[in-house]
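The following paragraphs lead through selected features of one protein model. Please keep the sequence and the coordinates in view while reading.

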Amino acid sequence: FDESKSMSYQHLKFPIHDLDFPEDLVIRILAYLPTNEYLNTCKLVCKKWDALRHNVAIMRKQIATPRCMQYRKSGVGAQAWQWSGWRMAIPNHLWMKVSCWVKFVSVNDADAGGDDDDDDDDDDKQTQKQAYIPPPSGNFGLKLHGRLDNSWVKDCRPNTWTHISSVARATGGDGNHILLIFDSIREKVVVRFADLRLQIIDSPEKAKTKTPPINEYVAFTNSGMSKDYVAMGIDRKGIPAASGYGSMAFVSDYPPQNASKKH
């Protein structure tokens with residue numbers, strides 16, 4: 001043990017703790033720390049950090065704001081790997097609840113500001129002006145470890161945000177995938193979804209209450225993406241992403257604050 005070397009560490013200075021370090025950057029950096037780590041450790045470093053607690057809490061909410069994803073299918077026919085979600089092993093005595101907002105939009109809305117193709121026939125132009133809501137099919141919906149739920153499709157309306165959710169027991173099926181899946185949609189479609197959220201709970205009854213879940217994951221926010229998030233292919237990470245006729249990218253859209261959650 002080299003005591004002189006150990007003592008020299010006392011003279012090191014972390015840049016973030018420097019008085020000249022910009023306060024807004026300090027707040028942003030601290031906001032990325034887990035809540036317990038910040039409250040139990042960082043606030044004890046100095047009075048300056050302790051005084052920033054309110055601003056850090058505000059910044060934490062800002063960077064955790066969910067983003068809006070747009071899935072677009074530009075061709076006709078069912079295709080594999082048209083999905084977004086998680087690949088996650090969960091003990092089979094636990095349950096999963098997946099929820100999100102979805103909105104089916106018209107091609108014109110998706111292309112806001114884009115030029116029309118003069119070669120399109122009247123039927124194609126009419127289709128582009130209308131938001132297409134696909135009928136329920138064998139691989140379209142919320143799919144939790146292989147259990148498919150598309151009962152919510154009947155509640156969707158064109159160009160309108162709808163909150164959807166599904167609950168299923170963890171089984172490890174379908175390669176541990178927990179997905180919003182579009183594989184069996186045969187027509188061209190544009191759908192936006194936001195606040196894609198996975199909650200791990202110990203019973204299906206807990207899904208109907210405000211009891212805190214065992215764990216909760218938001219697929220993508222302004223601060224990044226969930227560690228186990230995958231899209232458009234097995235173990236594929238990162239957005240934008242594409243496979244076959246389908247693609248996913250972030251867009252500027254989000255449900256209004258007064259939108260109601262029926263599911």
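A residue is called buried when its relative accessible area is under 20%, exposed when that area is over 50%, and partly exposed in between, using a 1.4 Å probe and protein chains only. The model is predicted, so local features need pLDDT of at least 70 and side-chain atom pairs count only at pLDDT 80 or more, while totals for chains, interfaces and linings use all residues. Residues are numbered from 1 along each chain as its sequence is written, and side-chain values use heavy atoms, with hydrogens and water left out.

Side chains of opposite charge can pair when their charged atoms come close. With a salt bridge defined as a side-chain nitrogen of Lys or Arg within 4 Å of a carboxyl oxygen of Asp or Glu, a search of the whole structure finds eight. One of them links aspartate 50 to arginine 53 at 2.9 Å, N to O. Both partners are partly exposed: aspartate 50 has a relative accessibility of 27%, and arginine 53 one of 39%.

A second salt bridge, of 2.8 Å from N to O, pairs lysine 103 with aspartate 253. Because lysine 103 belongs to strand E3 and aspartate 253 to the segment after strand E14 (246-251), this pair ties together parts that are 150 residues apart in sequence. Strands here are DSSP runs of E with at least two residues, helices are runs of H or I with at least four, and both are numbered from the N terminus. Lysine 103 is buried, at 12% relative accessible area. Aspartate 253 also forms a salt bridge with arginine 192 (2.9 Å, N to O). Since arginine 192 lies in strand E8, that pair ties together parts 61 residues apart in sequence. Arginine 192 is buried, with a relative accessible area of 10%. Through shared partners, Lys103, Arg192 and Asp253 are joined into one network of salt bridges.

Strand E3 (residues 95-104) also holds lysine 97, which counts as buried at 16% relative accessibility. Where does the side chain of lysine 97 reach? It comes to 3.2 Å from the backbone oxygen of alanine 207.

Aspartate 149, in strand E5, is buried yet has no salt bridge; the nearest side chain of opposite charge, that of arginine 147, is 4.7 Å away. In this count Lys and Arg are positive and Asp and Glu negative, with His and the chain ends not counted. The side chain of aspartate 149 instead makes polar contacts, which are pairs of N or O atoms within 3.5 Å; within protein, one atom must be able to donate a hydrogen and the other to accept it, and residues adjacent in sequence count only if both atoms are side-chain atoms. These contacts join it to the side chain of serine 151 at 2.8 Å and to that of serine 166 at 2.9 Å.

The backbone has its own features. Most residues other than glycine have a negative phi, and most peptide bonds are trans. Histidine 145 has a positive phi of about 50°; this residue sits in the loop between strand E4 (140-144) and strand E5 (147-149) and is buried at 5% relative accessibility. Aspartate 195, in strand E8 (residues 189-201), has a positive phi near 55°. A cis peptide bond, with omega of about 10°, joins isoleucine 239 and proline 240.
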